[in-house]
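Here is a short tour of how the strands pair up in this model. Have the sequence and the 3D view open as you read along.

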Amino acid sequence: MNLHLHGDAIPEGLSRRARSFVASHGVRADATPLEPYRERWLALGVPGEVIDRAVAYQERWGGLVLPPAPVYECGPRYLYADVPEPSHGGGWWFVGGEPRASVAFSFMIGPNGEFGLWGDTWAPLHASVEGWVESLALTHHASQWAKQVTRLHGDEVEGLSLDDFEPVEEVQGIVDTWWRGSDSLVALHNGEAECLSGRVRRVALVYSGLDKWGLHGQ
């Protein structure tokens, strides 16, 4: 069963823009509670504090369905946690979202709460899942207000100058970042290039011709 989100059903810690986006476009599907798996996971050697993280993630985000992303095979079909595993870089991580299709990477929550991709290597996109949701909300907002949207690939991204731009802090960018200029917003999506070791997979989306509201609307 899917339920539209209202009020206190929307996770805290999001900007006004992101909360409006989730309220208008998000639904909540059924998600399996993880607390009943605690004893089984402890027996498998999963530390209790890591189980706490997965349980809290499932309670906060589990089953959240959001509109497709413009990259990463449209993003997760819905957010969902599963049994934590030792990560390849140390610490523990767990699946953070159910893919929309069979892809060459998984959506993971890293040892420090990062939301990212695991393919050939680990590519943390945002410092938290909130950053991923903020990025989706900003994509929706910018695409509505921009007079022109330009998509750049691979080496084309290298020629993009961001000297007069400032970072958009709420997306908590690590591998993926957003930048704000005088009349443009730029989204740099480097996740597939990082996790699949290929510069050709870099993508930049330039939303230009924005007014003040288009640049800063919250």
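## The β5-β6 hairpin

In this predicted model, the hairpin made by β5 and β6 has five residues between its strands, and G90 adopts a positive phi near 100° there. Strand β5 covers residues 85-86 and pairs with β6 in the antiparallel sense, over two bridges. If you want a contact to look up, P86 has W92 of β6 as its bridge partner.

## Other partners of β6

Strand β6 spans residues 92-99 and also pairs with β4, residues 76-79, through three bridges in the antiparallel sense. Within that pairing, Y78 is bridged to E98 in β6.

Strand β7, residues 106-109, is joined to β6 by three bridges as well, and the two run antiparallel. Here V95 sits opposite M108 of β7. The hairpin formed by β6 and β7 has six residues between the strands.

As you follow these strands, keep one rule in mind: in a regular strand, side chains alternate between the two faces of the sheet.

## A five-stranded open sheet

Which strands make up the open sheet, and in what order? Its five strands are arranged as β10-β14-β13-β12-β11, with antiparallel pairing. The edges are taken by β10 (148-153) and β11 (166-167); each has a single partner strand, so one side of each is left without a neighbour in the sheet.

For β10, the partner is β14 (residues 203-208), which runs antiparallel to it and is joined to it by six bridges. One of the pairs to inspect is L152, whose bridge partner in β14 is A204.

Conventions
Residues numbered from 1 in each chain as written. Predicted model: local features only at pLDDT ≥ 70, side-chain atom pairs only at ≥ 80, totals over all residues. Heavy atoms only, no water. Pairing = 2+ DSSP bridges. Helix = DSSP H or I, 4+ residues; strand = E, 2+ residues; numbered from the N terminus.
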